[in-house]
Each structure stands twice: as C-alpha cells, then as structure tokens.
Amino acid sequence: MNDNVLTFGVEEEFFVVGRDGHLSPSGDAVVDAAEEDQGELQQELTRSQAESATGVCTTHDEAERQLTALRADLAEAAARRGCRLLPSGSVPLAETTLPAITPKPRYERMSEHFGATARTSHTCGCHVHIAIPDRETGIRVIDHVRPFLPVLLTVTANSAICDGYDTGYASWRYQQWNRWPSAGSPPLFGSLDHYESVVDAWLRAGAILDRAMVYWDVRLSEKQPTVEFRLGDVAATVGEAVLFGVLIRGLVGTILASEERPSKLSNEVLRAQIWRASREGLSGRCPHFRTGDLAPASDVLGDVVAFAAGALAETGDLDFVRDGCARLTAEGGGADRQRARFEKRRRPEDVVDLLAVTPNSRD
C-alpha cells in the first residue's frame, strides 16, 4: 500500500427504540453507558438517537473492526435499558409525539430557531471523512465529485419505510433532511472564497446558527482536516458502511490524481438527479456521472468502480469494493430489503426486527 494513502473515518447515526419498535428517549443514557473500546460515541439532536465515529482508519479491515465494535457497544448498552439500536435512515413506525430534544444549549437553540424542522427532520445518516492537506484541496474535491453524488446515495439508501408506510422512495431520509435551509447538493464553487462567502451569507441571514450547521451533501469539516460526505443514509450493515467509505476514498484519490476540469453541471440539474437516485435507489435507474442519462443504478455503480479502480487497487480495496457491489446488486440495498420485509405482512415492526443490531454481535 502507498505510504501516502488517504486516511478516512466513518460516522454513523442510529435511532434508539423500545422493544415495541417505537422511539425511546433513552439515547443520551445509552451513549453515556456504552463502553468506548475504540472510536467515539456522541449524543445527537434528539434523545432518541445515538452517534458513533471511528478513529482515523487506513484500511477497510480497520474500519470494519471499529464500526462493528461501536455498533455492538451501543446495542449492548441499549439492551440493558430495554431498548434496541436501529440503523435506519428514517423512523419505520408512526409516532404519536415528536421526539424530545437532547438537553444541550446548542440543540435547544436549534430547536427554538428552526421550529418544526428540527423536530420533524428526524433522520439518521452515514458520514465519511477523507483527509485532505488543506481547504483549497477540499474545494477541488467537492467541485469534481458532484456528478457522482446521485449514485453514491444509492449505496446506503435505507429508508423506504417511514411512519408505518412505504414512502415509494429508497432514501426518504434524503427528502426529510433537505428541509434544513443549508442542506442539499453543493454548488460549483471554483474557489475557497466562494465557499466561505456562502457560509458567511447564511450566518448573516440566520439560516445557520454556526458553521457546524453547514449541511451540504459534501462539505469542509470545521473540526478536522477533512472533506466530509454527508449524503448517505445510515447503512443497514457494517459491510455496506465500509463499502461506502472506501468507495468514496477511491473516488477522492482518483480526483486528486487527475488534471481534468470539474463538470459544469448546474446545481438545479444536480438536485434533480439526486432526487431521482433517492426515489429509486440501487434497484432502479440513476443518472450517469458522465452523461446525465438514466441507466440501471447497478451499472452506474460498476462504472464508478472502474473509474476509481487504480486508486482502489493502491489502497488494497478493489476486490473488497467489487465483492461488496456484487453482493448489493444480488441481494438488494437496505431500502430493497426493508420493502421486501414490509410487503410480507405490511407491519413496520417487521422492518425494525430486520434491522435492529443484535447485542453482543461483533462478527
């Protein structure tokens, strides 16, 4: 492996639900009680959520070990409180009350300022951080990766069932999340100054309360020297989360080694393309990153792997990614599996049973 390999990290958000599958307000208690063998556990916006983050990873095996351990730690802590850990992008069961906000000053300010958006955009995502040498390089990555965002979304799309019914979307979470004024696809920036000017304008308009609320699908991290991909649903399985992470790393590595100019794809068109990907997911059709024409999403994904094959081979990820994509295509993505389970009896509780992380599972 190249000594200058790009390092990466993966963050996962989860719902904490009771035995009946409904949201539990025990998320903060679960985080506090869980053992952190490695990585980091954090509270989230609502008391029905928990978040984990790996440390800095170099290999897919390392990321897989950490994510497996973090999920197991949270699931065990949840089980001790009569709860379950649920990796789903949206809430499968219909709730009669809005989730409680975690009692932290920042979260309470967000709830007051954004009203129903803060309480109804109740979603769980998967975020991937890729190390970059400087923020200008991050802008280059963001500008070049934009046409790939639709197909990347299909990899972890895992929120077909929400509020007790089939939404008709593979990633309903993506639609819910875009209620935030700072969410969605990033524009073509061209420079760090342009990026910073938009963030500054948002702050002055009160559309964000702080820089941590920049919610573009890809953004510059404010805490780490990374570019952060935020568009994915929380993956149904650890393997799919790792696949998402290393595929993104391969894309970034390929972009950084290329001298091609970024696509001039307009944000209006990109938003429409991502909508299509969120609607149909991996089992449907997706706009191709080169032409914009619709093609089977699995074929587009295969073309992404071919595009990034050199970088994936350098990091030892090529076979892992090929095998993971083949398995996804054969078995269906998280949304496909949610929908198949739901259609058997029309019970969203069955979707919870399908997804819930088993305590003491560290395979």
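The legends below describe close-up views of a predicted model. Residues are numbered from 1 along each chain as its sequence is written, and side-chain values use heavy atoms, with hydrogens and water left out. Local features need pLDDT of at least 70 and side-chain atom pairs count only at pLDDT 80 or more, while totals for chains, interfaces and linings use all residues.

**View 1. E108 in helix α3.** Helix α3 covers residues 105–114 and contains E108; helices are DSSP runs of H or I with at least four residues, strands are runs of E with at least two, and both are numbered from the N terminus. E108 has a relative accessible area of 43% and is partly exposed (buried means under 20%, exposed over 50%, partly exposed in between, with a 1.4 Å probe and protein chains only). Leaving out residues up to four places away in sequence, E108 touches I101, T102 and P103 (contact means heavy atoms within 4.5 Å).

**View 2. F229 in strand β11.** F229 sits in the strand spanning residues 226–233 and is buried, at 0% relative accessibility. Its C-alpha atom is separated by 6.7 Å from that of R219, 10 residues apart along the chain. Residues touched by F229 include C126, H127, L152 and I248, not counting those up to four places away in sequence.

**View 3. The largest nonpolar core.** This core has 80 residues, and I130, L152, W180, Y195, F229 and V321 touch the most other members. A nonpolar core is a set of buried Ala, Val, Leu, Ile, Met, Phe, Trp, Tyr and Cys residues joined through side-chain atoms within 4.5 Å.
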